[in-house]
Amino acid sequence: AADLARQRVAVLGATGSIGASTLDVLARHPQRFEVVALSAARQVAKMADLCRRFRPRWAVIGAGHGAALRAELNQRGLLDVEVLEGQAALQAVASAAEVDIVMAAIVGAAGLAPCLAAARAGKRLLLANKEALVVGGEVFLRAVREGGATLLPVDSEHSAVFQALPEDASTWSARVDKIVLTASGGPFRTRDPATLADVTPEQACAHPNWVMGRKISVDSATMMNKALEVIEARYLFGLEPRRIEVIVHPQSVVHSMVQFRDGSVVAQLGTPDMRVPIAYGLSWPERIDSGAPALDLTRLAGLTFEAVDPARFPGLRLAWEALEAAPGTPAVLNAANEEAVEAFLAGRLRFDRIVAVTQATMEQCLPGPVGGLDDLLALDRRARAVARHWVQQWAL
Ligand code: NAD
Ligand code: MG
């Protein structure tokens with residue numbers, strides 16, 4: 001009987017860092033959750049391992065890798081897993097009747113279409129893939145409203161804000177003064193800014209507090225991650241951009257805060273472990289064991305806070321600029337950043353040019369009307385072309 005009540009989960013981006021943390025939480029609650037679909041871009045062997053462990057009904061892999069995955073599964077005798085490939089399959093799985101919960105843990109704008117499919121199909125949508133909301137903006141929110149979906153944040157800062165906000169959402173804006181997102185400051189919080197031109201991908205990906213995918217690690221080092229999160233917060237919580245602030249908190253224990261009209265500040269604390277916000281998204285409004293160690297305040301050396309140095313992190317203010325500019329500008333910001341980060345990771349662009357490429361692209365690529373997904377994808381492509389021009393211009 002317990003089995004009938006199990007919630008059926010699709011984990012998109014299952015081979016990534018958030019995917020692994022999600023599967024870890026799900027595996028702790030086999031009576032509560034059932035993994036029905038897994039997706040990955042191209043890691044065939046890793047995907048086959050996950051299929052053996054979780055026995056999903058569907059395994060979705062990037063276009064061109066289906067045959068290899070099928071062969072791998074056949075060899076292991078996993079004949080009950082159906083292999084699908086490509087974007088259309090991702091959207092089909094994200095909106096399938098057999099799925100209750102979609103974990104959106106694909107990295108980048110590539111995750112937008114499956115998120116929209118899940119939203120329109122009224123799923124409980126757990127959003128790690130912040131780029132999808134940054135690019136999708138109002139189009140994304142409309143799909144959630146019209147589909148009757150439940151959009152829940154997985155980003156640790158937004159989960160913190162969600163946990164700190166009063167439950168009656170209709171009265172938030174009257175009661176809330178501001179949201180304060182914390183930022184660790186990343187690996188270069190104290191590095192001499194004059195040397196940021198020499199940063200290597202390995203240095204940029206060595207985050208002091210979190211082990212994450214390479215793209216978000218670079219974003220944390222430039223603080224473009226926090227810029228994306230400011231935009232994400234604006235859409236998730238509906239607050240005016242000027243009421244969203246960022247403060248540096250190197251220990252990553254206070255995951256974010258809400259300041260109310262009367263001066264009261266409510267913060268959410270925890271060890272830096274993504275299984276906490278993932279478990280909350282899975283179980284909300286209940287709470288389940290996440291596997292994360294409890295916070296021991298007596299063993300912390302201290303909690304410190306400092307203002308963001310705009311000279312060290314020039315990318316952060318682009319968030320407010322994008323939100324104040326024409327609709328679609330956050331999509332331009334995101335596309336340019338994705339291109340620049342990819343070029344940096346490939347050794348083709350200097351670290352300190354990542355933000356320069358993004359800013360130059362925002363100045364040059366002005367969005368037209370944004371009515372739906374097709375407009376957004378076209379804008380994304382156009383912004384990438386402009387960004388690649390700048391990458392070329394500054395190529396190493
Ligand atoms: P990752 O690189 O470790 O994993 C990305 C996953 O997406 C992999 O499974 C990969 O196969 C898949 N993928 C990549 N490109 C794809 C494409 N074009 N089409 C389909 N699938 C594709 O990344 P991550 O660190 O797990 O981050 C995932 C998302 O969660 C990002 O949006 C990131 O910003 C967000 N996030 C991550 C963390 C973290 O701690 N890692 C924290 C907060 C938010
Ligand atoms: Mg975050």
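Reader: Which residue in strand 10 is the bridge partner of Leu181?

Author: The model is a predicted one. Strand 8 and strand 10 run antiparallel and are joined by 5 bridges. Within this pairing, the partner of Leu181 in strand 10 is Ser256.

Reader: Which residue in strand 9 is the bridge partner of Thr182?

Author: Strand 9 pairs with strand 8 in the parallel sense, over 5 bridges. In strand 9, the residue bridged to Thr182 is Ile247.

Reader: In what order do the strands of the open sheet of 4 strands lie?

Author: Strand 8 pairs in the parallel sense with strand 9, whereas strand 8 and strand 10 run antiparallel. Strand 10, residues 254-260, pairs with strand 11 in the antiparallel sense over 5 bridges. The pairing in the open sheet is accordingly described as mixed, and the order is 9-8-10-11.

Reader: Which are the edge strands, each pairing on one side only?

Author: The open sheet has the strand order 9-8-10-11. From one strand to the next, the twist averages 20°. The strands that pair on one side only are strand 9 (244-248) and strand 11 (265-269).

Reader: What angle does the direction of helix 7 make with that of strand 10?

Author: Helix 7 comprises residues 156-164 and packs on the sheet. Its contacts are with strand 8 (176-183), strand 10 and strand 11. Relative to the direction of strand 10, that of helix 7 makes an angle of about 40°.

Reader: At what angle to strand 8 does helix 11 run?

Author: Helix 11 is formed by residues 224-237. This helix lies across strand 8 and strand 9. Its angle to strand 8 is about 150°.

Reader: Why is strand 8 described as largely enclosed by the rest of the structure?

Author: A residue is buried if 20 or more other C-beta atoms lie within 10 Å of its own. Strand 8 is largely enclosed because, of its 8 residues, the number buried is 6.

Reader: Which helix gives the most to the shell around ligand 1?

Author: Ligand 1 is surrounded by 26 residues, the closest being Gly13, Gly16, Ala110, Met212 and Gly213. The elements giving two or more residues to this shell are helix 1 (17-27), helix 6 (130-147) and helix 10 (214-222). The one that gives the most, with 3 residues, is helix 1.

Reader: How many residues of the shell around ligand 1 are charged?

Author: The shell around ligand 1 contains 13 nonpolar residues. A further 9 are polar, and the number that are charged is 4.

Reader: Is Met223 buried or exposed?

Author: Met223 lies in the loop between helix 10 and helix 11. Although Met223 is not a glycine, it has a positive phi of about 70°. The threshold for burial is 20 or more other C-beta atoms within 10 Å. Met223 has 30 such atoms, so its class is buried.

Reader: What is the phi of Arg55, which is not a glycine?

Author: Arg55 is found in the loop between helix 2 and strand 3. With 14 C-beta neighbours inside 10 Å, Arg55 counts as partly exposed. Its phi is positive, at about 45°.

Reader: Which residues does Arg57 touch, not counting those up to four places away in sequence?

Author: Arg57 is in the loop between helix 2 (44-54) and strand 3 (58-61). Arg57 is partly exposed, having 18 other C-beta atoms within 10 Å. With residues up to four places away in sequence left aside, the residues touched by Arg57 are Val36, Ala37, Glu82 and Glu98.

Reader: Which peptide bond is cis, with omega near 5°?

Author: Pro285 belongs to the loop between helix 12 (275-283) and helix 13 (318-324). The cis peptide bond, with omega near 5°, is the one from Trp284 to Pro285.

Reader: How far apart are the end C-alpha atoms of residues 151-237?

Author: In UniProt, an unreviewed entry gives residues 151-237 as "domain: 1-deoxy-D-xylulose 5-phosphate reductoisomerase C-terminal". The span is 46% helix and 13% strand. The distance between its end C-alpha atoms is 11 Å.

Conventions
Residues are numbered from 1 along each chain as its sequence is written. Chains are lettered from A and ligands numbered from 1 in the order in which they are written. This is a predicted model: local features need pLDDT of at least 70, side-chain atom pairs count only at pLDDT 80 or more; totals for chains, interfaces and linings use all residues. Two strands pair if DSSP finds at least two bridges between them. Axes are lines fitted to C-alpha atoms, for helices over the stretch in contact, and angles run from 0 to 180 degrees between N-to-C directions. Two residues are in contact if their C-beta atoms, placed from the backbone, lie within 7 Å. A residue is near a molecule or strand if its C-beta atom, placed from the backbone, lies within 6 Å of it. Ala, Val, Leu, Ile, Met, Phe, Trp, Tyr, Cys and Pro count as nonpolar, Asp, Glu, Lys and Arg as charged, and the others, Gly among them, as polar. A residue is buried if 20 or more other C-beta atoms lie within 10 Å of its own, exposed if 12 or fewer, and partly exposed in between; C-beta atoms are placed from the backbone. UniProt positions are given in the numbering used here, feature names are shortened, and annotations may be inferred rather than shown by experiment.
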